[in-house]
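Student: I have the file open and want to go through it piece by piece. Can we start with how the helices pack?

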Amino acid sequence: MFIVDSHCHLDSLDYEKYHVDVADVVQKAYAQDVKHLLSVGVSLDSFEKAYPKLSQFNNISLACGVHPLNLADGPFDPDRLLRLARDPKVIAVGEIGLDYYYSHDDKPEQQRVFAEQIAIARELDKPIIVHSRAARADTIAFLQSEKANECGGVIHCFTENWEMAKAALDLGFYISVSGIITFKNAEELRDVIRKVPTDRLLVETDSPYLAPVPYRGKPNQPAYTKEVCAYVAVLKGCNVEDFAKITTENFEQLFKINVQSLRNNF
């Protein structure tokens, strides 16, 4: 079985208490059939800092972008992002998007940077990885107005309603499911995911956050993608092997990469 963790933050895992190093994380994942990882950046500084270690692994792909909650780290530099995102190891621009959950004060800045990063993704013909929280209408509006359908992408860690899912699907986007799907209070989300076509679904951990049941409350890790995959397979009426194959192929289609042919290394 071949499972892809389509969204994790390998530079944020605890390498003192829970893991020895990145190779340790990869080995634990591989033991659970999670054989490819997409490590997603949230700032350009953190991406450059993590790059030397992460880029050594054939079974780790990278995404580079500025998260809306990281705008306070410093002025957004589109030329720098363009340069970093050209790297062949970088298969997507992300994590980008809108987050109004904590504050509305910087909405114009979030929107400007979101639009600029979509433009860069379109220039590079690389898909975007979208974060959206408390910003459903604006997220879809910007994806539409900035022609994000031209580069494609995924709404990661999806927790929204069917209306937003349908709008994203209409743009050709994929929907990625995290461990939240296993939470007791996530029945509305489960109803949405039941409606999403199987050929437009990805699975992820968003580790070290949002560990699925039965690990809820503990630090998440890519190995736990298997729990998410198995849970969603049941929702979709598939066996886990078939669903793993489908979501791996979906990942390859979206990110224009054949991960199953890559030589694994630890």
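Student: Left-handed or right-handed, what is the crossing of helix 3 and helix 4?

Tutor: The crossing of helix 3 and helix 4 is right-handed. That term applies if the near helix is turned clockwise from the far one by less than a right angle, and left-handed if anticlockwise. Helices here are DSSP runs of H or I with at least four residues, strands are runs of E with at least two, and both are numbered from the N terminus.

Student: Before we go on, what am I looking at?

Tutor: This is a predicted model: local features need pLDDT of at least 70 and side-chain atom pairs count only at pLDDT 80 or more, while totals for chains, interfaces and linings use all residues. Residues are numbered from 1 along each chain as its sequence is written, and side-chain values use heavy atoms, with hydrogens and water left out.

Student: OK. At what angle do helix 3 and helix 4 cross?

Tutor: Roughly 35°, and the axes of helix 3 (residues 78-85) and helix 4 come within 10 Å. The axes are lines fitted to C-alpha atoms over the stretch in contact, with angles from 0 to 180 degrees between N-to-C directions.

Student: Which residues meet there?

Tutor: From helix 3, Pro-78, Leu-81, Leu-82 and Ala-85; from helix 4, Glu-116, Gln-117, Ile-120, Glu-123 and Leu-124. In this contact of helix 3 with helix 4, six residues are nonpolar, one is polar and two are charged. Contact means heavy atoms within 4.5 Å. Ala, Val, Leu, Ile, Met, Phe, Trp, Tyr, Cys and Pro count as nonpolar, Asp, Glu, Lys and Arg as charged, and the others, Gly among them, as polar.

Student: Is Gln-117 buried or exposed?

Tutor: Gln-117 has a relative accessible area of 1%, so it counts as buried. Buried means under 20% relative accessible area, exposed over 50%, and partly exposed in between, with a 1.4 Å probe and protein chains only. Beyond four places in sequence, Gln-117 contacts Gly-65, Val-66, Phe-76, Leu-81, Val-93 and Ile-96.

Student: And Lys-107, what does that touch?

Tutor: Lys-107 is in helix 4 too. Not counting residues up to four places away in sequence, Lys-107 touches Tyr-100 and Asp-138. Its relative accessibility is 24%, so Lys-107 is partly exposed.

Student: Switching to the core. How many residues are in the largest nonpolar one?

Tutor: It has 75 residues, and Ile-60, Ile-128, Leu-143, Phe-173, Ile-175 and Ile-193 have the most contacts inside it. Helix 4 (residues 107-124) supplies the largest share of this core, seven residues. A separate core of 16 residues includes Tyr-174, Phe-251, Phe-255 and Val-259. A nonpolar core is a set of buried Ala, Val, Leu, Ile, Met, Phe, Trp, Tyr and Cys residues joined through side-chain atoms within 4.5 Å.

Student: What is Leu-143 in contact with?

Tutor: Leaving out neighbours within four places, the partners of Leu-143 are Phe-114, Ile-118, Ile-128, Val-130, Ala-148, Asn-149, Ile-155, Leu-171 and Phe-173.

Student: How many aromatic pairs are there?

Tutor: The count is five. One of them is Phe-47 with Tyr-51, a tilted pair at 5.8 Å centre to centre and 50° between the planes. Rings of Phe, Tyr and Trp (its six-membered ring) pair if their centres lie within 6.5 Å; planes under 30 degrees apart are stacked, over 60 edge-to-face, and the rest tilted.

Student: Why are Phe-47 and Tyr-51 about one helical turn apart?

Tutor: Because they sit four residues apart in helix 2 (residues 44-54). Phe-47 is buried at 7% relative accessibility, and Tyr-51 is partly exposed at 24%. Phe-251 and Phe-255 form another tilted pair, 4.6 Å centre to centre with 50° between the planes. Both lie in helix 9 (residues 240-255), four residues apart. Phe-251 is buried at 1% and Phe-255 is buried at 3%.

Student: Last topic, the backbone. Where are the cis peptide bonds?

Tutor: One joins Gly-94 and Glu-95, with omega about 20°, and Glu-95 is in strand 4 (residues 90-99). Another joins Val-213 and Pro-214, with omega about 15°.

Student: What about phi at Ala-134?

Tutor: Ala-134 has a positive phi of about 55° although it is not a glycine. Ala-134 is in the loop between strand 5 (128-133) and helix 5 (136-145). Lys-147, also not a glycine, has a positive phi of about 60°.
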